[in-house]
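Please read the following report alongside the sequence and the coordinates.

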Amino acid sequence: MNFIFLGPPGAGKGTLAAQVSSEYGIPHISTGDIFRANIKNQTPLGVKVKAIIDAGGLVSDDITCELVEDRLKQDDCKKGFILDGFPRTIPQAEMFEKLKPDVKVVNFEVDNELIIARLSNRRVCRSCGQNYNVKFLPPKVEGKCDKCGGELYTRDDDKLESITNRLDVYRKQTEPLIDFYRKLGKITDIDSARDSSLVLIDFKKLFPKY
């Protein structure tokens, strides 16, 4: 099964994607990971992307779609995939429709208040990268990672001003995709304001493996 996960930052896309990836045996793919892998491996596309980024430019929709298309040709995508962070624009969605029309779009619904509570209370371990939430999933010892004892910190993009800006960008740039896919009859809304285990149960009912 092929999935696109849509939703604002803090909606729980990454958490559910990891769970679905494990249970369904399909890769969770983010455009950020694709960009980094191509740049690190110095592929022809990676060299092109690095030159654009180093010059302070924006990677075009054409190149972004080309990178995604190349990633989906890999063997681990034979049974399906989860795309997170792509498409971001209507032109990208239109291009991808021609490439992969057999895709199910999942729209994560959650209000801004809860998103702000989730992100502003998030803490990350400096050593191992483990995520915590001081409100919903606190560490056993304040400021210390349960796994490795490392220091927990607040990422710059989890500060209130940054969160508000990220939400504004999402609403302006990405929300039109919801209307795009709704008109195509491809979108399924899911309430992601609940515990991730409950969201997963709903997901499996909506999209059974067999």
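## The β5–β6 hairpin and its neighbour

G129 adopts a positive phi near 85° in the hairpin of β5 and β6, which has 5 residues between the strands. The model is predicted, so that local features need pLDDT of at least 70 and side-chain atom pairs count only at pLDDT 80 or more, whereas totals for chains, interfaces and linings use all residues. Residues are numbered from 1 along each chain as its sequence is written, and side-chain values use heavy atoms, with hydrogens and water left out.

Strands β5 (residues 122-125) and β6 (residues 131-133) pair in the antiparallel sense over 3 bridges, where pairing requires that DSSP finds at least two bridges between two strands. Strands (E, at least two residues) and helices (H or I, at least four) are DSSP runs numbered from the N terminus. R122 has N133 as its bridge partner in β6.

## Packing of α3 against α4

The axes of helix α3 (residues 44-54) and α4 come within 11 Å and cross at roughly 145°, the axes being lines fitted to C-alpha atoms over the stretch in contact, with angles running from 0 to 180 degrees between N-to-C directions. From α3, the residues L45, K48, V49 and I52 make the contact, and from α4 the residues I63, E66 and L67, contact meaning heavy atoms within 4.5 Å. By class, this contact of α3 with α4 has 5 nonpolar, no polar and 2 charged residues.

E66 lies in helix α4 (residues 61-72) and is partly exposed, with a relative accessible area of 38%; that class lies between buried, under 20%, and exposed, over 50%, for a 1.4 Å probe and protein chains only. The C-alpha atoms of E66 and F108 are separated by 26 Å, the two residues being 42 apart along the chain.

## Nonpolar cores

A nonpolar core is a set of buried Ala, Val, Leu, Ile, Met, Phe, Trp, Tyr and Cys residues joined through side-chain atoms within 4.5 Å. The largest has 27 residues, of which I4, L6, L83, F96 and Y181 touch the most other members. Among the elements that give two or more residues to this core are β1 (2-6), α5 (90-99) and α8 (176-183), while α4 gives the most, with 5 residues. Apart from this core lies another, of 21 residues, including F5, I26, L167 and F203.

How values were computed:
Ala, Val, Leu, Ile, Met, Phe, Trp, Tyr, Cys and Pro count as nonpolar, Asp, Glu, Lys and Arg as charged, and the others, Gly among them, as polar.
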